[in-house]
Amino acid sequence: MIVGDAKKKLLKTALAYPDAWKDHPWGETVVKVGKKVFVFFGLPRGGLSVTCKLPHTFDVALSTFSFAEATGYGLGASGWVTARVRGKGQGPGALLLEWIDESYRAVAPAKLVKQLESR
C-alpha cells in the first residue's frame, strides 16, 4: 500500500471511533478522544509514522517488529510505540489498525469503550 493511501485509511478508521476528532498540535496530525490523543500520524520524508499507546502489546511490538520503537520524549515509558514505515509496497496496515484500536481503548473513557463492545 502506498504510504499516502495508508495514512488516509488509518486516519479514516481512527476518526470512526466514538467521539474521535482530528487536531493539529505541534504541526502534526493527531486523533483525539475528548482532550486526549490516542494516535499521532506523521509523514516523514518518504514514509509514514504512527504512534499509539499499547499497554497490552508494548513489549511484543518492540521485540517483534523492526519498524517499531519506544516513542521519544519519555512517552515510551508510558507504553507509547512509534511505527515508521517507508516507501511503497505492503506495509503493516492490519497491524497498525489493531494498534489504533488498542490505543483508543487505553485512552478513551470507559463509557465510550463500552459502546464499541455493543456494536
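Me: Which strands each supply at least two residues of the lining of the largest pocket?

Reply: Strand 3, strand 4 (47-53), strand 5 and strand 6 each do. Strands here are DSSP E runs of at least two residues, helices are H or I runs of at least four, and both are numbered from the N terminus. Please keep in mind that this is a predicted model, where local features need pLDDT of at least 70 and side-chain atom pairs pLDDT 80 or more, while totals for chains, interfaces and linings use all residues. Residues are numbered from 1 along each chain as its sequence is written, and side-chain values use heavy atoms, without hydrogens and water.

Me: What makes a residue part of that lining, and which ones lie nearest the centre of the largest pocket?

Reply: A lining residue has an atom within 4 Å of a pocket point; a pocket is an open set of points on a 1 Å grid over the protein atoms alone, with protein on both sides within 12 Å along at least five of seven lines. The largest pocket has 14 lining residues, with Glu28, Thr51, Thr71, Tyr73 and Thr82 nearest its centre. Its space comes to about 270 Å³, a volume filled by probe spheres set on the points.

Me: Why is the pair Lys32 and Asp23 called a salt bridge?

Reply: The rule asks for a side-chain nitrogen of Lys or Arg within 4 Å of a carboxyl oxygen of Asp or Glu. The closest N and O atoms of Lys32 and Asp23 are 2.8 Å apart, so the pair qualifies. The whole structure holds three salt bridges.

Me: What makes Glu69 and Arg84 a link between distant parts of the chain?

Reply: Their side chains meet in a salt bridge, 2.9 Å from N to O. Glu69 sits in strand 5 (residues 68-70) and Arg84 in strand 6 (residues 80-86), 15 residues apart. Glu69 is partly exposed at 36%, and Arg84 is partly exposed at 38%.

Me: Why is the ring pair of Phe38 and Tyr104 called edge-to-face?

Reply: Rings of Phe, Tyr and Trp (its six-membered ring) pair if their centres lie within 6.5 Å; planes under 30 degrees apart are stacked, over 60 edge-to-face, and the rest tilted. With centres 5.1 Å apart and planes at 80°, Phe38 and Tyr104 are therefore edge-to-face. Phe38 lies in strand 3 (residues 36-42) and Tyr104 in helix 3, so the pair ties together parts 66 residues apart in sequence. Both Phe38 and Tyr104 are buried. Ring pairs also join Tyr17, Phe38 and Tyr104 into a cluster, and the count of aromatic pairs comes to eight.

Me: Which residues touch the most other members of the largest nonpolar core?

Reply: A nonpolar core is a set of buried Ala, Val, Leu, Ile, Met, Phe, Trp, Tyr and Cys residues joined through side-chain atoms within 4.5 Å. Among the 31 residues in the largest one, Phe38, Val39, Phe41, Trp99 and Ile100 touch the most other members. Helix 3 gives the largest share of this core, six residues.

Note on methods: Buried < 20%, exposed > 50% of the residue type's maximum accessible area, 1.4 Å probe, protein only. 1 Å grid on protein atoms, 1.4 Å probe; cavity = no way out; pocket = protein on both sides within 12 Å on 5 of 7 lines; lining within 4 Å.
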